[in-house]
Amino acid sequence: MSLYDDGAEEANRTRAHWALTALEAFGKQTGQNYSDGTLNMPDDCLVELAGDLLADIFHLARLNDVAPEEITTSGYSHFEEEVREEEEEREEAIG
């Protein structure tokens, strides 16, 4: 079974669930238990928790001689391509 079997939109929802799983695990370690298990999280809680996780990833990157900008550039590039796939699929379905 492929991640794309149910289309790009569902693939991106799956990716969002993976991110939620990571944030929940991080929040348990830090005491920031903001998740109710759904993809819905208050904006301020998501920004705080994801920002703290990214900061810690940047610390890990620095310890491994990787510039944090490389991580953000790579991640945003992946995100843009995945959203583009979803939009293209939606346009094809319309006509």
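I take a polar contact to be a pair of N or O atoms within 3.5 Å. I also note at the start that this is a predicted model.

**Entry: T30**

I looked up T30 and found it in helix α1. The side chain of T30 makes a polar contact with the side chain of Q32, at 2.6 Å. That value falls within the 3.5 Å cut-off.

I then checked T30 against D52. The two are 22 residues apart in sequence, and their C-alpha atoms are 9.5 Å apart in space.

**Entry: N12**

Next I looked up N12, which lies in helix α1, residues 8-30. N12 has a relative accessibility of 15% and therefore counts as buried, the cut-off being under 20%.

Which side chain does the side chain of N12 meet in a polar contact? I found R15, at 2.7 Å. Leaving out residues up to four places away in sequence, N12 touches E82, V83 and E86.

**Entry: α1 against α3**

I followed those contacts to the helix pair. Helix α3 covers residues 68-94, and α1 packs with α3 at an angle of about 150 degrees. Their axes are 8 Å apart. I call α1 and α3 roughly antiparallel to each other, because angles over 145 degrees count that way.

Which residues make the contact? From α1 I listed A8, E9, N12 and R15. From α3 I listed E82, V83, E85, E86, E89 and R90. Sorted by kind, the residues of this contact are two nonpolar, one polar and seven charged.

**Entry: aromatic rings**

How many aromatic pairs does the structure hold? I found one. Y76 and F79 form the pair, with 5.7 Å from centre to centre and 40 degrees between the planes.

Y76 has a relative accessible area of 49% and is partly exposed. F79, at 43% relative accessibility, counts as partly exposed too.

Note on methods. Residues numbered from 1 in each chain as written. Predicted model: local features only at pLDDT ≥ 70, side-chain atom pairs only at ≥ 80, totals over all residues. Heavy atoms only, no water. Helix = DSSP H or I, 4+ residues; strand = E, 2+ residues; numbered from the N terminus. Buried < 20%, exposed > 50% of the residue type's maximum accessible area, 1.4 Å probe, protein only. Polar contact = N/O pair within 3.5 Å; in protein donor to acceptor, adjacent residues only side chain to side chain. Contact = heavy atoms within 4.5 Å. Axes fitted to C-alpha atoms, helices over the stretch in contact; angles between N-to-C directions. Parallel < 35°, antiparallel > 145°, perpendicular 65-115°, else oblique. Nonpolar A, V, L, I, M, F, W, Y, C, P; charged D, E, K, R; others polar. Phe/Tyr/Trp six-rings, centres within 6.5 Å; stacked < 30°, edge-to-face > 60°.
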